[in-house]
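Hi,

Here is the structure I promised to pass on to you. Have a look at it first, and my notes follow below.

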Amino acid sequence: MSTQPDSHGRLDTARPSRLRDMTEAEFEAAYQCDRFTAMVLSNRLRYTVDHMSTGLMFSAFSPIIRDWYDFAITISGPPDMDYPMPAVSSSLLVFFGTMEDAVRNTIEEFGLENLRPGDVLLCNDPYRVGTHVNDTCFIRPVFYDGKPVAFVNARAHQLDMGGVTPGGFSGTKPDVYANGLVLGPMKLFENDQPVRSTFSLVFDNTRFAGLLQPDFMTMAEQLKLGERLLLESIERYGEAAYRGTVKYCCDASAEAMSDAIDRLPDGTYHCEEPLDADGAGDDEELVVRATIVKQGGRIEVDLSGSSRQARTCINAGPLDVKTAVGAAFKLMVDRKTPFTSGAYRPIDIVIPPGTVMSAMPPDGAIMLYWELSQALLTAIARELSHALGDEAFGGDYGSVAVHNAHGVYPDGRPWQNIAIVGGEHGPWGADQHHDGDSYAVPYMVNGLDPATEAMEQESPVLLMRKEYVTDSGGPGRNRGGAGVLKDAYWETAGEHYSIPIRYKRGTGNGVQGGGTGRAGACWLFEPDDPAMQHADRLLPLDDSIYAETTPIAGVLDPATKALDPNGEYFYFARQDVWHTQPGAGSRYITNGGGGFGNPFERAPEKVCDDVRNGYVSLGQAREAYGVAINGDPDLDPEGLVIDEAETRRLRRR
């Protein structure tokens, strides 16, 4: 018999421990419907959130939602079941773990008794609902027979929520007052009509209201769609079957996660991952630490020992930790089952207050939560890679390294460019079956890459180059993904904020004998810089161009300013804002992904292909992979030939 808690957290001793072992009668007694109905309804719940996501993406006005996919849609069950979350959209992973608590906290504080059909609640306070102030929660209650039976929810990034930095992306804001407008639980719509006082509060304190206002209206329409689809399911199959399916979705997820954890060796695992610095100075390195105790089908993750909260807004909150822990174990051991709030049932999380993972207001606000979440995921995945063996995967590039810029056109119109031309997209690590993908987003984020044409239409920037960097991926039997280089040309004067806070060392750790990906860097080029004088505006690729430039961040040779793992760390926030004139340029190089397995076990033919395609140089092929190749990869890539005798000698060595 089962000793696992049910969706209320109570022990349920009335059903077998395995869902698949239940008889039909036992299943119907537990879930008020047969198995087939539960499967149909669970798929209808997932269809509902995916349908809402499609509508939002194609109807949104802000590029951060429309082009970046920076949102999540979820369904929450009724309050008397404690708001379980049976379905999430296939969108931004970094939101999922916060959403169950965000809905519960918002409803409980506002008061369930104060809600009516047609209402939509709004909340964006990181200390109440997780993530940061730009990620606003929209929550609509769904009533059936006069009582709330569900909530359809959206969390979506708003292009601006006030504060001292347009767009919000900065690592130097000191406190919650500079961070942006904080909204506690309040009505945005009442009886499907806009609440004027809430709209006025938001638009009186934020920029780009012309984009926020239609996005709010679009959000409301997608929530109405979700309500309609959900009520159609309840009408067709009955409220009892709907409630049973919500419970079943969470129970199945909990069972799958517990089974997956059980396959790990029992023991205690110590994890840590450093970040470069906060925005107040590079005198203090920040470290995320976690102790994982695993026994049977349960784990405890204790973040005691993490650094004190940062002095600026490079902090995360407890709900962000919950997301990172859930994401880490889903990726490592339970990749094939749907994500629900039940996945957390076998996991206990301990977080003392006042750390970089549990910041307290008002100083050191929560803003760059995803950087800390990703660092925690990196630390867990690296440490548990030893236990996972061949199921492990290499580290990714680790940091979104957002570039945020704004200014005005010559005619006075304002422009904004967010999370497009920086280090936002980069490589994954390799696993036992594949080389690492070289152009994705970090494991925690999974957004989209906006179209270059859309980016250039929205702001006065030209993306001049986007390509992979030779020798940047970690060597291995399967190679880590290559670092990504992006060059941009800025047509008007602007103010730039850059937040690369994991560039001091490679984040793409290798596993099973694979190598670590190379750390990246970023630079600004003034219009009069010699590198910017080419008629085609293309920055050269050789290292000589960096000597006269302004490094933003990275470990560089102090004289040449080129990448050098033994060089000097250039602190990203030595200027709060980087001011540029028309004709300036920027370059970002991301960290490389980690390799999997012994590089000398990589087939020489694959290494030759890597050289031909620019992933690996002739020198690295020889030194890291033990493969000698003759020919010129630049002038005659198809003429490359493996020197088999020399390769055998190198590999014997």
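To get you started: in which loop is the place of K561? K561 is in the loop between β18 (550–556) and β19 (568–570); helices (H or I, at least four residues) and strands (E, at least two) are DSSP runs, numbered from the N terminus.

Before going further, please note that this is a predicted model, where local features need pLDDT of at least 70, side-chain atom pairs count only at pLDDT 80 or more, and totals for chains, interfaces and linings use all residues. Residues are numbered from 1 along each chain as its sequence is written, and side-chain values use heavy atoms, with hydrogens and water left out.

**Overall form**

The protein chain has 15 helices and 23 strands. Its C-alpha trace spans about 75 × 65 × 45 Å along the principal axes. For 653 residues, a compact globule would have a radius of gyration near 26 Å, and the 26 Å of the protein chain agrees with that. This radius is taken over C-alpha atoms, and the globule rule is 2.2 Å times the number of residues to the power 0.38.

**The cores**

The largest nonpolar core has 138 residues, and F329, M332, L376 and I380 have the most contacts inside it. Helix α11 (residues 369–388) gives the largest share of this core, 11 residues. Another core, of 15 residues, lies apart from it and includes L485, Y546, L556 and A562. A nonpolar core here is a set of buried Ala, Val, Leu, Ile, Met, Phe, Trp, Tyr and Cys residues joined through side-chain atoms within 4.5 Å.

What is I380 in contact with, leaving aside its neighbours within four places in sequence? The partners are C271, I292, V325, A328, F329 and M332, where contact means heavy atoms within 4.5 Å.

**Backbone details to look at**

K561 is not a glycine, yet its phi is positive, at about 65°. K561 counts as buried because its relative accessibility is 15%. Y83, in the loop between β1 (71–76) and β2 (87–88), also has a positive phi, near 60°. With 1% relative accessibility, Y83 counts as buried.

Lastly, P361 and P362 are joined by a cis peptide bond with omega of about 5°. P362 is in the loop between β11 (347–350) and α11.

Enjoy exploring!

Best wishes

Conventions. Buried means under 20% relative accessible area, exposed over 50%, partly exposed in between (1.4 Å probe, protein chains only).
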